[in-house]
Amino acid sequence: MRFAAVSGALGLALDSPLDPDREQAQQWMIDELSKPPYQAAKPTLWDLMSKAFWDWLNSLRVDGDNPIQLPIAMFVVIVVAAIVVAAFFIFGMPRINRRSAVIGSLFGADEERDAETLRRAASAAAANRDWTLAIEELFRALARVLAERVIVATDPGTTAHGFASRAGAVFPDYLQRLTASATAFDSVRYLDKPGTEAHYSALAELERELRTAQPAATAPTPLVGTR
């Protein structure tokens, strides 16, 4: 009985076709390619996208063999230039360029520092309890930060009270405090009066608030050189 079973199995194996038909061969190929080693070797979506991009980029090379490539490359350059110009008009000049445009004389003195540098100088003077210098530096920082924000501009002839008046027109709720700060600046700068910690603290709070304060909706457009 056992011998018969073995003989039967051997007979079935010998009866299996060694030359499969088309459908069976396709199925064997599908089964083989579905195994993990073949699946791991398949290119990913990222591979396909990267190849497509580089193929497109390489096709833009300008050479003498394909005269059509030159107009395509020129078109790409024009599109990029148009995007840059549109971004310039939409977002304006970079902040660094705005800052470089507002440096210069400030309240009768040559001044090339930006608002942040002036603010640090004022803090250093206050730490040494030099309230006179601290008030001078911080009032200049206040004028400069509003110029950097393109809200209130100054020129060499602009006085402290002229600046305070113009800034007060843009920030009417701060007019009184701006005028008081301008008076404190003139007192220590031109009248040789000693600065006080109270005046510096009031100016420091004002400068901190005006760094981010929004102009009044009905404020007029600021003018350069208002005295």
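**Stop 1: a helix pair**

Select H9 and H10: their axes come within 9 Å and cross at roughly 170 degrees. Axes here are lines fitted to C-alpha atoms, for helices over the stretch in contact, with angles from 0 to 180 degrees between N-to-C directions. The two helices, H9 and H10, are therefore roughly antiparallel (angles over 145 degrees count as such; under 35 is roughly parallel, 65 to 115 roughly perpendicular, the rest oblique). Helices are DSSP runs of H or I with at least four residues, numbered from the N terminus.

This is a predicted model, where local features need pLDDT of at least 70, side-chain atom pairs count only at pLDDT 80 or more, and totals for chains, interfaces and linings use all residues. Residues are numbered from 1 along each chain as its sequence is written, and side-chain values use heavy atoms, leaving out hydrogens and water.

Now show side chains at the contact (heavy atoms within 4.5 Å). H9 supplies Ala160, His161, Ala164, Ala167 and Gly168. From H10 come Leu175, Leu178, Thr179, Ala182, Thr183, Phe185 and Asp186. What is the split into nonpolar, polar and charged for the contact of H9 with H10? The residues divide into 7 nonpolar, 4 polar and 1 charged. The classes: Ala, Val, Leu, Ile, Met, Phe, Trp, Tyr, Cys and Pro are nonpolar; Asp, Glu, Lys and Arg are charged; the others, Gly among them, are polar.

**Stop 2: the aromatic rings**

The whole structure has 8 aromatic pairs. Rings of Phe, Tyr and Trp (its six-membered ring) pair if their centres lie within 6.5 Å; planes under 30 degrees apart are stacked, over 60 edge-to-face, the rest tilted. Select Phe107 and Phe163. Their ring centres are 6.0 Å apart and their planes at 65 degrees, so the pair is edge-to-face. Phe107 is in the loop between helix H6 (95-102) and helix H7 (115-127), Phe163 in helix H9 (residues 160-170), 56 residues apart. Phe107 is buried at 3% relative accessibility, and Phe163 is buried at 1%. Buried means under 20% relative accessible area, exposed over 50%, partly exposed in between (1.4 Å probe, protein chains only).

Phe185 sits in helix H10 (residues 175-189), 78 residues from Phe107 in sequence.

**Stop 3: a buried glutamate**

Finish on Glu136 in helix H8 (residues 131-148). Glu136 is buried, with a relative accessible area of 11%. Not counting residues up to four places away in sequence, Glu136 touches Phe185, Val188 and Arg189.
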